[in-house]
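Please open the model in a viewer and keep the sequence beside it. The stops below proceed from one selection to the next.

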Amino acid sequence: MPRKRKHCQRAAPPQLAAGTPVVARAGSGCRIQLGRRTRSPAYFPFSFLPVDCQLHVFSFLSEVEKCTAALVCEAWSKLIRTPRLWRVADFMRLGAFQSGMDLVLVSAREFERWKEWVHQYAYHLTSRSASLLVLRASFDLGDQKTKWADFLSRFLDSVHCGELQELELNWTLTHLEPPDFYPPGTCSMTQVSLTKMDQISNFQTLLEKFIQRSPKLTRMKLPFDWSAYSVAMLTQFQQLHTLELKYFWSFKGVCPEIMQDLTKALPNLKTLILHVLVPVKDLGISYSLESRSLEYLDVSQSRGLVFCHLDLPSLRVLRIKKTVRGIILNRRTRLALQSRWSCLYSLLRSGTPNLRVFNNQVLLPHWREQTYKELNALLLQSCYCVQHSDTWLL
C-alpha cells in the first residue's frame with residue numbers, strides 16, 4: 001500500500017496588534033521605525049544591507065539628523081563619518097541670514113557668536129573629511145584683522161574638493177557683519193582702495209587654489225574684478241555651464257576685449273548672468289559677446305552695458321534692460337554718443353538665429369523679418385540707439 005504522506009504544518013506568523021510600529025534592526029541594539037501596520041512588531045536587518053545602501057539611506061538626512069543618528073550606536077557613528085555624506089559647506093545658511101539679502105542688521109555680539117559658529121562648523125566638516133559638491137561662503141577677503149582669506153585657504157586644504165561642482169563666493173563682504181563694525185573715520189577713500197586691492201589679490205590666490213583642487217566646477221556665482229589675470233584663470237574651468245558675475249566696484253570698468261575673451265573660451269557655458277556697472281568715465285564703450293554654446297543670457301541687472309556685436313547661435317532666452325542713469329547731456333553730445341551704438345534689433349536679427357524668448361515674452365516666428373507692436377515695446381525698454389531712445393537722460 002502506498003505510504004501516506006505526513007502533512008507538516010508551519011507555524012503561523014504572530015499576528016500584529018493594530019497600530020503597532022514596525023521597526024528594523026540597525027545593528028547591535030539599533031532599530032529603525034518604518035511605519036505602522038495592523039500586525040505585531042517585525043524587524044528589518046538594516047545592518048545586513050550593503051554599505052552603499054546604508055549610506056544612500058543616510059544621505060537623505062539633514063546635517064542635524066545625521067549628527068543625531070551618529071549617537072545611536074558605534075556602527076552608525078562610523079558610517080556617518082563617511083566623507084561622501086558631507087557634501088555641502090554652507091557658511092551662509094544659519095543665523096539671521098535671509099535669502100537674497102547681502103546685508104542683515106545684527107549686533108556686534110551676534111556677529112562674534114556667528115564667527116565662533118563658523119570655526120566650529122569648519123572643524124565639524126574637516127573632522128569628517130568632507131567630500132564637497134557645494135561651497136557657499138561670504139567673507140571679506142581684504143579683512144586684515146580676521147584674515148578670512150587664510151581661513152578659507154586652510155579649510156579647502158582640510159577637505160576633499162576634487163568633486164566640487166557649485167561655488168557661491170562673495171569675497172567682498174563678510175556675512176552678518178554689522179554696518180558699524182569699523183569706527184567712523186577709518187574708511188577713507190585711500191583705505192577703501194587699499195582694501196579693494198587686498199581683496200583682489202586674495203581672491204586671485206584663492207582662485208588659483210580652486211583651479212588646482214576643483215577643476216570640475218560647473219556652477220559659479222561671485223563678484224568679479226574683470227582683470228586680465230582673473231579672466232585668464234576663470235577660463236581654465238572648462239566644464240563651467242552656469243556663470244553669474246556681479247560687479248566688484250563701481251569705479252572698476254570692464255574692458256570689452258576681456259569680456260569677449262571670457263565667453264569665447266568657455267566651450268560648455270549654457271547660462272550667463274552679468275551684473276556689469278559701466279562707470280561714467282567709460283560712457284560710450286560698447287561690448288561684443290561670442291559663444292557657440294550659450295543658451296541663456298541675463299544682463300538685466302547691468303547698468304550702461306551696450307552691445308556692438310552678438311554672435312550667439314545657440315541663444316534661446318535673453319533678458320536685457322535699459323537703465324536711465326540720470327546723466328544729463330545736451331542734444332548734440334547725446335546724438336554723437338548714441339550714433340556710435342548699434343541697434344539691438346539689428347544685432348539680434350544677425351547674431352541670435354535661435355532666439356525664442358526676449359524679456360520673458362515669447363517672440364513670434366516672423367520677428368526677424370518684421371517688427372510688431374509688442375516687440376517694439378520691448379526694444380524701447382532695452383535698446384540705447386537713437387531710434388529707441390529720445391530722452392535727454394542716459
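**A tour of the predicted model**

Select the strands first: ten of them form an open sheet of mixed pairing, in the order β3-β4-β5-β6-β7-β8-β10-β12-β13-β14. Strands here are DSSP runs (E, at least two residues) and helices likewise (H or I, at least four), numbered from the N terminus; two strands pair if DSSP finds at least two bridges between them. At the edges lie β3 (88-90) and β14 (361-362), each of which pairs on one side only.

The model is predicted, and local features need pLDDT of at least 70, side-chain atom pairs count only at pLDDT 80 or more, while totals for chains, interfaces and linings use all residues. Residues are numbered from 1 along each chain as its sequence is written, and side-chain values use heavy atoms, with hydrogens and water left out.

Next, select residues 219-224 and 242-247, which are strands β6 and β7; they pair in the parallel sense over six bridges. Within this pairing, P223 has K246 of β7 as its bridge partner.

Move to helix α9, residues 331-338, and display R334, L337 and Q338, its buried residues (buried means under 20% relative accessible area, with a 1.4 Å probe and protein chains only). Seen down the axis of α9, these buried residues fall within an arc of 90°, so they line one face of the helix; the arc is that of the directions from the helix axis to the C-beta atoms.

Finally, select L305, V306, F307, I320, S342, L344, L347, S382, C383, Y384 and C385, which line the largest cavity. This cavity has a volume of about 70 Å³.

Notes
Buried < 20%, exposed > 50% of the residue type's maximum accessible area, 1.4 Å probe, protein only. 1 Å grid on protein atoms, 1.4 Å probe; cavity = no way out; pocket = protein on both sides within 12 Å on 5 of 7 lines; lining within 4 Å. Points joined across faces, edges and corners; volume = space filled by probe spheres on them.
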